[in-house]
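Dear colleague,

Please find below the structure I promised to pass on to you. My notes on it follow directly after.

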Amino acid sequence: MSASPIILYGRKVVGGCAQGEALVTQQTISGWGGVNPLTGAIIETRHELRGVSFKDRILVFPGAKGSSGWSVVFHTARLAGVAPRAMIFNEMTTKAALGAVVMRVPCVTAFDRDPLELIETGDWVRVDGDNGIVEIRPLNRRTPPCA
Amino acid sequence: MTLTGDEQAMLEGREGRARQKAMELLVRYAEALGAERFVDTTNVAGVPGSVTPFLQRYYRDRGASYETIFSLFDLDSDEVVEVPRMTTHACHLQGGVDPENWQTLGAKPEMLEAIRASERSAADRDIRILKTCTPYLAGNVPSRGEHCAWMESSAVVYCNSVLGARTNTEGRESTSAAMLTGKIPDWGLHRDENRLGSHRIEVEVDVQSVMDWGMLGYFVGEIVQERIPVLTGRLGRPDLVRYKHFGAAAASSGGVELYHLVGITPEAPTCEAAFGSTRPVETLKYGEAERRRTYDALNANGKDSHVDYVMLGCPHASLEQLREISAWLEGKRISAHCHLWVFTSRAVRARADQEGCTRIIRDAGGHLLTDTCSAIGQAIPPGTKVAALDSAKQVHYLPAMMGIEAWFGSTRECIDAALTGRWNGTPP
């Protein structure tokens, strides 16, 4: 099923453009000890995405938590070739900012509407980091999204 | 953002290529944060140029030297630059292996050599090799209001909350860049207005023991995530060890970088001072039900009562903790089916050596190790299936990272598990 795109406006964290399939979690992500940097899979025991990799996805999450090794894990994921294509998050922290910078993928935050409510896993998402614009094409949804 | 003259000079390369690359990274980082300026810092704690098996392999074609890793990884530069002496007081936190007990930790001789070489390169550049997650127990104790740039979430939360110094949770790349430039984004906890409380936690059960403080920290972190909790109620007066376990737990289940204990910590003489003009977004209670739920969550990965590994010293043990552990072990022998590893800093072990703790732990069949821990080093005794831990932080990470079961309890319960090979912990 295809529907009209939803546009979100936010602020650039890291520039560049990328598009891909969204991977959405409502839970914050721990980098060190929460992600396997060589596969991009979430490993945190009680995490809803446990076992799922963010490789080549558009990662949509509330924010970063946990160890200060966050940036090293995401930096290593870039070197290992398992980085997400882009990142979208709500809560700005030093961990998320530095991680996004060294991962060198487009990244946007501070949206006019909540991306966690509007994007579902499987949606096609285009991230324009330079202009802070995110375009969502809802795909494979059971119920049509409310824009 | 606004740059000062010296910042502009570094960015233009007038202070050398390494400082230029460092400023470029810091500007990218500051813009990502939305910071408008930098703040000067002379106290930086990180893991500059740390060598890992992955980085050694990845940069092998480019020599994998200290300068290669520092340039390409720490400074996220696309070219290798000459790395000069650091500008600020700089210290190296935990990592690598204990140079005296690397075989116990299962390290390969070539990795030990690489780590030693990296350490010499760091020391040559004026970096203090503290090799601990508790720099405040090894000679780096910031003063109130001091602007720092620290890594290590458990040290950051201690630095802000207990000492009243100021740091965000920095990462490896930002601290390495700050060591060269003496600059860090003026954002977050460097600014007065961002140090006020967000959540009020009413503690309705007695919080006294180290284990009590660990559980409370784990509960608080999960609730407030990255926000700033203000705690009131039936809190005993914490000592250094209790602060250490509380903060480490809150920075693991959540991302707590600063908390206030009303009437106890330096920026919270009163509840009004802790909140300032802000209003708590939420008021929560910590009672018996919350405490039990936290205990159960921390023990969610414990099934088999046969314990084959006990790990203590997360965050790295203080001398007082080592004296307590060795008092319980003196004249005893741990179970033949169980390993006991206790982690601390080199500075504290030097004292423990002199005071006899190291010998007592060894005579009982355990090991006192430095530099790392099981989670950081991903090192557990061969064949470990079930661990017993007295740290909420370690129990949060270790089972997930190493695929083992783990029990959480008091230090005494963990020592008993080491002596008997069985878990016999009880809920509070």
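I begin with B:Phe246, which is buried, its relative accessible area being 1%. A residue counts as buried when this value is under 20%. Please bear in mind throughout that this is a predicted model.

**The ring pair around B:Phe246**

The partner of B:Phe246 is B:Tyr259, with 4.7 Å between the ring centres and 80 degrees between the planes, so the pair is edge-to-face. Planes over 60 degrees apart fall in that class. B:Phe246 sits in helix H9 (residues 240–253) of chain B, whereas B:Tyr259 belongs to the loop between H9 and strand S9 (260–261) of chain B; the pair therefore ties together parts that are 13 residues apart in sequence. B:Tyr259 is likewise buried, and its relative accessible area is 1%.

**Confidence**

For chain B the mean pLDDT is 97, and 100% of the residues reach 70 or more. The model as a whole scores ipTM 0.95 and pTM 0.95.

**Aromatic pairs in chain A**

Over all chains, a search of the whole structure finds 16 aromatic pairs. One of these joins A:Phe61 and A:Phe89: the ring centres are 5.6 Å apart and the planes stand at 50 degrees, so the pair is tilted. Distant parts of the chain are linked in this way, since A:Phe61 lies in strand S7 (residues 58–61) of chain A and A:Phe89 in strand S9 (residues 86–89) of chain A, 28 residues apart. Both A:Phe61 and A:Phe89 are buried. Ring pairs also connect these two residues with others, giving a cluster made up of A:Phe54, A:Phe61, A:Trp70, A:Phe74 and A:Phe89.

**An open parallel sheet in chain B**

In chain B, four strands form an open sheet with parallel pairing, in the order S4-S3-S2-S5. Strand S4 (127–129) and strand S5 (148–150) of chain B are the edge strands, each pairing on one side only. From one strand to the next, the twist averages 20 degrees. Helix H7 (residues 172–181) of chain B packs on this sheet and touches strand S2 (43–46), S3 and S5 of chain B; the direction of the helix makes about 145 degrees with that of S2(B).

Within the sheet, strand S3 (residues 89–92) of chain B pairs with S4(B) in the parallel sense over three bridges. There, B:Ala90 stands opposite B:Ile127 of S4(B).

How many residues of H7(B) are buried? The count is 10 of the 10, so the helix is largely enclosed by the rest of the structure. After H7(B) comes B:Gly182, which has a positive phi, near 70 degrees.

S14(B) pairs in the parallel sense with strand S11 (residues 309–317) of chain B, over three bridges. In this pairing B:Tyr309 stands opposite B:Ala387. A parallel pairing over four bridges joins S14(B) to strand S15 (residues 405–408) of chain B, where B:Ala388 stands opposite B:Trp407. Together with helix H16 (residues 392–402) of chain B, S14(B) and S15(B) make a right-handed β-α-β unit.

**Two further residues of chain A**

A:Ile6 is part of strand S1 (residues 6–9) of chain A, and A:Ile6 is buried at a relative accessible area of 2%. Between A:Ile6 and A:Thr121 there are 15 Å from C-alpha to C-alpha, with 115 residues separating them in sequence.

A:Arg46 lies in the loop between strand S6 (41–42) and S7 of chain A. Is A:Arg46 buried or partly exposed? Its relative accessibility is 43%, and A:Arg46 therefore counts as partly exposed. Apart from neighbours within four places in sequence, A:Arg46 is in contact with A:Gln27 of chain A and with B:Tyr218, B:Glu222 and B:Ala297 of chain B. The C-alpha atoms of A:Arg46 and A:Leu79 are separated by 27 Å, the two residues being 33 apart along the chain.

With kind regards

How values were computed
Residues numbered from 1 in each chain as written. Chains lettered and ligands numbered in written order. Predicted model: local features only at pLDDT ≥ 70, side-chain atom pairs only at ≥ 80, totals over all residues. Heavy atoms only, no water. Pairing = 2+ DSSP bridges. Helix = DSSP H or I, 4+ residues; strand = E, 2+ residues; numbered from the N terminus. Axes fitted to C-alpha atoms, helices over the stretch in contact; angles between N-to-C directions. Contact = heavy atoms within 4.5 Å. pLDDT = per-residue confidence, 0-100. Right-handed = clockwise from strand over helix to strand, strands pointing away. Buried < 20%, exposed > 50% of the residue type's maximum accessible area, 1.4 Å probe, protein only. Phe/Tyr/Trp six-rings, centres within 6.5 Å; stacked < 30°, edge-to-face > 60°.
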